[in-house]
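Please walk me through this model, one feature at a time, and show me how each is read.

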Amino acid sequence: MESILLLSYDFRPLRIIGWEKAIYLVIQGKAEAIDYYEKIIRSVSTEIVLPKVIRLKQYFRCKKKVRLIYRKSAVFSRDQLVCQYCSKKMGRSEATIDHVVPRAQGGPSTYENTVTSCSSCNAKKRDRTPKQAGMKLLNTPKPPEKELLQFQPEVEKMYESFIAELSV
Ligand SMILES: [Zn+2]
């Protein structure tokens, strides 16, 4: 069955959802359909044109704490490929991940404990904390913006084709 692109109140792509969820949001008045598939969903009492893109009618703040999936790529984009020790700007292939509290000392692979590092800083730091190594972090590592993580390739693809349709 078709996937539906969910946009935020301010038209930013959020995620792909299933059609049941999309129709539920529209019927509940929480979202409005702004683009459609050429397909009709029939239930006992009603007929609905299957939406392709829906937009939330309100700005919802996510109260639920979202568990962020850890991805190295998200660390690199958070740090904009700048070494967090010597501020060297790198290409994607040069960048390495440094565990602030090293894995050897029980440091986890989390957004708060990993930073982008060039290979020479990474080699210099070894299995030590920045303090032990006499190195200073440029920024305190934080989790990246939630929106960035939800921006999956399939969302991007659907959003692009929606925008392309709009400009025809
Ligand atoms: Zn460096």
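Q: Where is F11 found?
A: F11 lies in the loop between strand 1 and strand 2, where helices (H or I, at least four residues) and strands (E, at least two) are DSSP runs numbered from the N terminus. This is a predicted model, in which local features need pLDDT of at least 70 and side-chain atom pairs count only at pLDDT 80 or more, while totals for chains, interfaces and linings use all residues. Residues are numbered from 1 along each chain as its sequence is written.

Q: What is the phi of F11 near, and is F11 buried or exposed, or something in between?
A: Most residues other than glycine have a negative phi. The phi of F11 is near 65°, a positive value in a residue other than glycine. A residue is called buried if 20 or more other C-beta atoms, placed from the backbone, lie within 10 Å of its own, exposed if 12 or fewer do, and partly exposed in between. F11 is partly exposed, because 13 other C-beta atoms lie within 10 Å.

Q: Which loop holds S87, and how is its surrounding read?
A: S87 sits in the loop between helix 2 (72-78) and strand 5 (96-99), and its phi, near 60°, is again a positive value in a residue other than glycine. S87 counts as exposed because it has 10 C-beta neighbours inside 10 Å.

Q: What is the order of the strands in the open sheet?
A: Strands of a sheet pair through backbone hydrogen bonds, either parallel or antiparallel. Here two strands are taken to pair if DSSP finds at least two bridges between them. The open sheet has four strands in the order 2-1-4-3, with mixed pairing. Its edge strands, each pairing on one side only, are strand 2 (13-18) and strand 3 (31-42). From one strand to the next the twist averages 35°, with axes being lines fitted to C-alpha atoms, for helices over the stretch in contact, and angles running from 0 to 180 degrees between N-to-C directions.

Q: In which sense does strand 4 pair with strand 1, and how does strand 4 run with strand 3?
A: Strand 4 (residues 47-56) pairs with strand 1 (residues 3-7) in the parallel sense over three bridges, and L5 has V53 in strand 4 as its bridge partner. Strand 3 and strand 4, by contrast, run antiparallel and are joined by eight bridges, with E32 standing opposite R55 in strand 4. These two strands form a hairpin with four residues between them.

Q: Which strands does helix 1 touch, and which of its residues are buried?
A: Contact is read from C-beta atoms placed from the backbone, two residues being in contact if these lie within 7 Å. Helix 1 (residues 19-27) packs on the sheet and touches strand 1, strand 2, strand 3 and strand 4, while its direction makes about 85° with that of strand 4. In helix 1, the buried residues are A22, I23 and L25. They lie on the same side of helix 1 because they cover an arc of only 160° around the axis, the arc being that of the directions from the helix axis to the C-beta atoms. On the other side of helix 1, E20 and I27 are exposed. After helix 1 comes G29, whose phi is positive, near 80°.

Q: How many helices and strands are there in the protein chain?
A: The protein chain has six helices and six strands, and from the N terminus on its elements run β-β-α-β-β-α-β-β-α-α-α-α. Of its 168 residues, 20% count as buried.
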